Amino acid sequence: MKNSNLQDPKFKDHLKSFFARCTSETPPFFKKLRLAGLVTVAAGTALLAAPVALPAALVTVAGYLIVGGTVASAMSQAAIADDGKKNDE
């Protein structure tokens, strides 16, 4: 299998781009969404770490809370404020 397509300029380093997005300014709505995601993760973790035996359905919901909160926090961190400029790099 030939990997010559990987040398094409359209295949750039997307990981660098992602980290640059994460360090840029985040809009206020997404800051609130990130905080809500972190609170959701904390609630799910508290349910899973409870010292008492909980029903299986509640443990399943706690797992979903953790996953959903993690995804919401990560995606809202990658949102950037659009200043109207188009960057094609």
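This is a predicted model: local features need pLDDT of at least 70, side-chain atom pairs count only at pLDDT 80 or more; totals for chains, interfaces and linings use all residues.
Let me begin with a term: a residue counts as buried under 20% relative accessible area, as exposed over 50%, and as partly exposed in between.

I start with the overall architecture. The protein has three helices and zero strands. Along the sequence, the pattern therefore reads α-α-α. Of the 89 residues in the protein, 13% are buried.

Next, the charged contacts. How many salt bridges does a search of the whole structure find? The search finds one. Its partners are Lys31 and Glu25, whose side chains meet at 3.1 Å, N to O. Lys31 has a relative accessibility of 36%; because this value falls between the two cut-offs, Lys31 is partly exposed. Glu25, with a relative accessible area of 51%, is exposed.

I turn now to helix H1, which spans residues 14-23. Leu15 has its place in this helix, and Leu15 is exposed, at a relative accessible area of 51%. Together with Phe18 and Phe19, Leu15 forms a nonpolar patch on the surface. The accessible area of these three residues together is about 300 Å².

H3 runs over residues 56-77 and has 22 residues. From its first C-alpha to its last it reaches 32 Å, close to the 32 Å expected at 1.5 Å a residue. Which residues of H3 are buried? They are Ala62, Gly69, Ser73 and Ser76. These residues cover an arc of only 80° around the axis, and therefore lie on the same side of H3. As a general point, an α-helix has 3.6 residues a turn, so residues three or four places apart point the same way. The face of H3 turned away from the buried side carries exposed residues, namely Ala56, Ala57, Tyr64, Val67 and Met75.

Finally, the database record. In an unreviewed entry, UniProt lists residues 35-55 and 61-81 under "transmembrane region". In the model, residues 35-55 are 67% helix and 0% strand, and the end C-alpha atoms of that span are 28 Å apart. Residues 61-81 are 81% helix and 0% strand, with their end C-alpha atoms 33 Å apart.

To close, I return to two points. The protein comes to three helices without strands, and in H3 the buried residues share one side, while exposed residues sit on the face turned away from it.

Definitions and conventions. Residues are numbered from 1 along each chain as its sequence is written. Side-chain values use heavy atoms; hydrogens and water are left out. UniProt positions are given in the numbering used here, feature names are shortened, and annotations may be inferred rather than shown by experiment. Helices (H or I, at least four residues) and strands (E, at least two) are DSSP runs, numbered from the N terminus. Patches are made of residues with over 30% relative accessible area and no salt bridge: like charges are joined within 9 Å, nonpolar side chains (Val, Leu, Ile, Met, Phe, Trp, Tyr) within 5 Å. Accessible areas come from the Shrake-Rupley method with a 1.4 Å probe; for residues, only the protein chains shown count as cover. A salt bridge is a side-chain nitrogen of Lys or Arg within 4 Å of a carboxyl oxygen of Asp or Glu. Buried means under 20% relative accessible area, exposed over 50%, partly exposed in between (1.4 Å probe, protein chains only). The expected span of a helix is 1.5 Å times one less than its number of residues. The arc is that of the directions from the helix axis to the C-beta atoms.
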